[in-house]
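Visitor: I would like to learn how to read a protein model. Please take me through some features.

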Amino acid sequence: MEHMEELRSRIIKTLIGFVAAFIVSFIFVQDIYEVLIKDMDGKLAVLGPSDILGVYMMIAAVCAISVTIPLAAYQLWRFVAPALKLEERKVTFRFIPGLFILFITGIAFGYFVLFPIVLGFLTSLFAGQFEMVFTAEKYFRFMINLILPFGILFEMPLVVMFLTRLGIINPAVLKKSRKISYFALVIISILITPPDIISDIMVIIPLLMLYEMSVQLSTIVYRKRLMKEETALHVA
């Protein structure tokens with residue numbers, strides 16, 4: 001019961017942080033909106049008063065999630081810290097800034113690299129055949145559905161390093177489950193991209209590269225962990 005109360009307290013603090021970040025983001029959401037559409041030719045359409053409110057809430061929610069990630073990671077670290085050794089606490093604490101940096105990197109990759117290419121490819125398919133009108137709700141929903149998963153998936157190498165450092169997984173397990181992991185990543189790529197093979201390939205390749213990077217980083221961390229354990233045994 002004490003552990004459950006502690007977990008409940010950590011979750012509540014994280015939710016409070018999310019709500020606070022959401023409120024601040026919503027206050028400045030119009031400025032954020034203007035930045036996101038500054039490269040567009042013309043304005044986005046809305047079909048009703050509620051559409052723009054929904055768009056603003058989506059943008060504010062993504063901003064709030066980005067800000068809340070380090071807080072959530074810190075609360076998780078505080079929850080598991082009593083079960084860790086002093087050295088493990090110091091090492092795992094250093095992972096918290098990395099989670100935020102990688103999330104922002106994934107969002108930036110999706111927004112600046114992938115999103116323009118996919119959007120340009122899809123619009124070029126219908127150029128001259130249809131009159132395209134982008135509604136704000138569909139435009140931003142398409143954008144967020146495409147870039148938000150990358151923010152989460154870009155954290156895969158750091159999460160793998162963290163779990164390897166704690167001894168929960170090791171490189172052998174990752175290599176053994178490579179086929180299953182590849183299949184899962186392909187399915188994820190298909191689900192988060194528009195239904196065309198070009199978009200799928202452009203998402204699949206970075207995800208597979210991230211997985212292989214995770215395997216290599218796990219190998220490095222695992223070797224260092226074994227060396228420290230062997231050194232400790234020799235000293236003892």
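Visitor: What should I know before I start?

Guide: This is a predicted model, where local features need pLDDT of at least 70, side-chain atom pairs count only at pLDDT 80 or more, and totals for chains, interfaces and linings use all residues. Residues are numbered from 1 along each chain as its sequence is written, and side-chain values use heavy atoms, with hydrogens and water left out.

Visitor: Which residues of helix H4 are buried?

Guide: First, the general idea. An α-helix has 3.6 residues a turn, so residues three or four places apart point the same way. Helices are DSSP runs (H or I, at least four residues), numbered from the N terminus. Buried means under 20% relative accessible area, exposed over 50%, and partly exposed in between, with a 1.4 Å probe and protein chains only. In H4, residues 86-93, the buried ones are Glu88, Val91 and Thr92. They sit on the same side of H4, because they cover an arc of only 95 degrees around the axis. That arc is taken from the directions from the helix axis to the C-beta atoms.

Visitor: What do the buried residues of H4 pack against?

Guide: They pack against helix H3 (49-80), helix H5 (95-125) and helix H7 (156-165). Contact here means heavy atoms within 4.5 Å.

Visitor: How do I read a pair of aromatic rings?

Guide: A pair of aromatic rings is described by the distance of the centres and the angle of the planes. Rings of Phe, Tyr and Trp (its six-membered ring) pair if their centres lie within 6.5 Å; planes under 30 degrees apart are stacked, over 60 edge-to-face, and the rest tilted. By this rule there are 18 aromatic pairs. One of them, Tyr33 with Tyr56, is edge-to-face, at 5.8 Å centre to centre and 80 degrees between the planes. Tyr33 lies in helix H2 and Tyr56 in helix H3, so the pair ties together parts 23 residues apart in sequence. Tyr33 counts as buried at 8% relative accessibility. Tyr56 counts as buried too, at 16%.

Visitor: How is the pair of Phe109 and Phe150 arranged?

Guide: Phe109 and Phe150 form a tilted pair, 5.4 Å centre to centre with 50 degrees between the planes. Phe109 is in helix H5 and Phe150 in helix H6, 41 residues apart. Phe109 is partly exposed at 23% relative accessibility, whereas Phe150 is buried at 0%.

Visitor: Which residues do ring pairs link into a cluster?

Guide: The cluster includes Tyr33, Tyr56, Tyr111 and Phe112.

Terms used:
Helices (H or I, at least four residues) and strands (E, at least two) are DSSP runs, numbered from the N terminus.
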